[in-house]
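Here is a short report on selected residues and their surroundings. Please keep the sequence and the model at hand while reading.

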Amino acid sequence: MTILNRRRALTLGGTGIAATLLAACGSNSEPAAESTTTNASASASPNAEATSASVTPSATTPAGPSLKGELAVDSFSEPGAFEAGNEEHKANNVPMPNEPAKLRENSPEGLKAFAAYWVETLNYLMLTGNGTLFSNIDHTGDYTSTIEGFQLIYDGNIGWVTGPARPLRGTLTEDHPKQDGEIFTWSMDMAVNKDSAIWYKEGRRSKPLTESLNAPTGVVKGQIVAHYVEGNWRMVRRTPGSASAAPSVSASAVASSEAPAAENTAAAAEATEAAAAESTAAE
């Protein structure tokens, strides 16, 4: 693996989780910043209302029994007794989430099933580097960089995620989602396990997921933002039908704390490699 790819893996692995969670949840782990997120999202672009942390007055709430509570899939395929990753080895026998029966149902129950599966396939990706399940439901392709980041970390033997089988747990905090046109939003808390971390072989160092997500309390508060199209639910990171990304202040705020430095390092590494190649050619 080249220096540039290694740096890219560290950048995507270190900040990709934050960008993925916060963009998907339209959230911010720090309560004081929530009003800033709402106001900035509403004024930054005409399309911002689709992914704003607030819901427009025209939003409606479907009726029915309360669906509030922890997100959980119906079952897992377990190849054997789970063995958590540690400083010596990757996780073994990671449980693979099975598709919920209502995964593709166009209903609040279907959205809840989709959100649960989305979280669990993200957990599976984080613990194995295998993004097949996650990419199968990432119908917009918005989270490709997250998948690539973890694949680079695992395939390049750079490191792995340590700790329990479920680094992330989602809990719906409202009885029902709100609907505004094609867009559904649902308040959610994402609990980050304080025993989970990314272990980097180089330097033998460990970085807690709570630190990567800028979630010192272990909880990321926000909301699911999704829409239903062509028989599938899709997490919305950009306005449906638009090629440009919708503003995501909360995601960029977290990612910017680390990404710029890492990206500059990657650029410097690329320049160094090019200079070395030119020097060798000159000799």
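## A buried glutamate

E120 is found in helix α3, which covers residues 108–128. This is a predicted model. The relative accessible area of E120 is 2%. The cut-off for buried is under 20%, so E120 counts as buried.

What does E120 touch, once neighbours within four places in sequence are left aside? The contacts are V73, F76, P97 and R166. With R166 there is also a polar contact: the two side chains of E120 and R166 are joined at 2.7 Å. The C-alpha atoms of E120 and N98 are 9.3 Å apart in space, and the two residues are 22 apart in sequence.

How many aromatic pairs does a search of the whole structure find? The search finds three. One of them is F184 with W233, an edge-to-face pair. Its ring centres are 5.2 Å apart, with 80° between the planes. F184 sits in strand β7 (residues 183–192) and W233 in strand β11 (residues 232–235). The pair therefore ties together parts that are 49 residues apart in sequence. Both F184 and W233 are buried.

Y228 also pairs with W233. This pair is edge-to-face too, at 5.1 Å centre to centre and 70° between the planes. How accessible are Y228 and W233? W233 has a relative accessible area of 1% and is buried. Y228 is at 24% relative accessibility, so it counts as partly exposed. The range for that class runs between 20% and 50%.

## An exposed proline

P65 is found in a loop. On one side of that loop is α2 (34–44), and on the other is β1 (69–70). Is P65 buried or exposed? Its relative accessibility is 62%. Exposed means over 50%, so P65 counts as exposed.

Which residues does P65 touch, not counting those up to four places away in sequence? They are D175 and H176. P65 and H176 are 111 residues apart in sequence. In space, their C-alpha atoms are 8.4 Å apart.

## Recap

E120 is buried in the model and has a polar contact with R166 through the side chains. P65 is exposed and touches D175 and H176.

Notes
Residues are numbered from 1 along each chain as its sequence is written. Side-chain values use heavy atoms; hydrogens and water are left out. Helices (H or I, at least four residues) and strands (E, at least two) are DSSP runs, numbered from the N terminus. Buried means under 20% relative accessible area, exposed over 50%, partly exposed in between (1.4 Å probe, protein chains only). Contact means heavy atoms within 4.5 Å. Rings of Phe, Tyr and Trp (its six-membered ring) pair if their centres lie within 6.5 Å; planes under 30 degrees apart count as stacked, over 60 as edge-to-face and the rest as tilted. A polar contact is a pair of N or O atoms within 3.5 Å; within protein, one must be able to donate a hydrogen and the other to accept it, and residues adjacent in sequence count only if both atoms are side-chain atoms.
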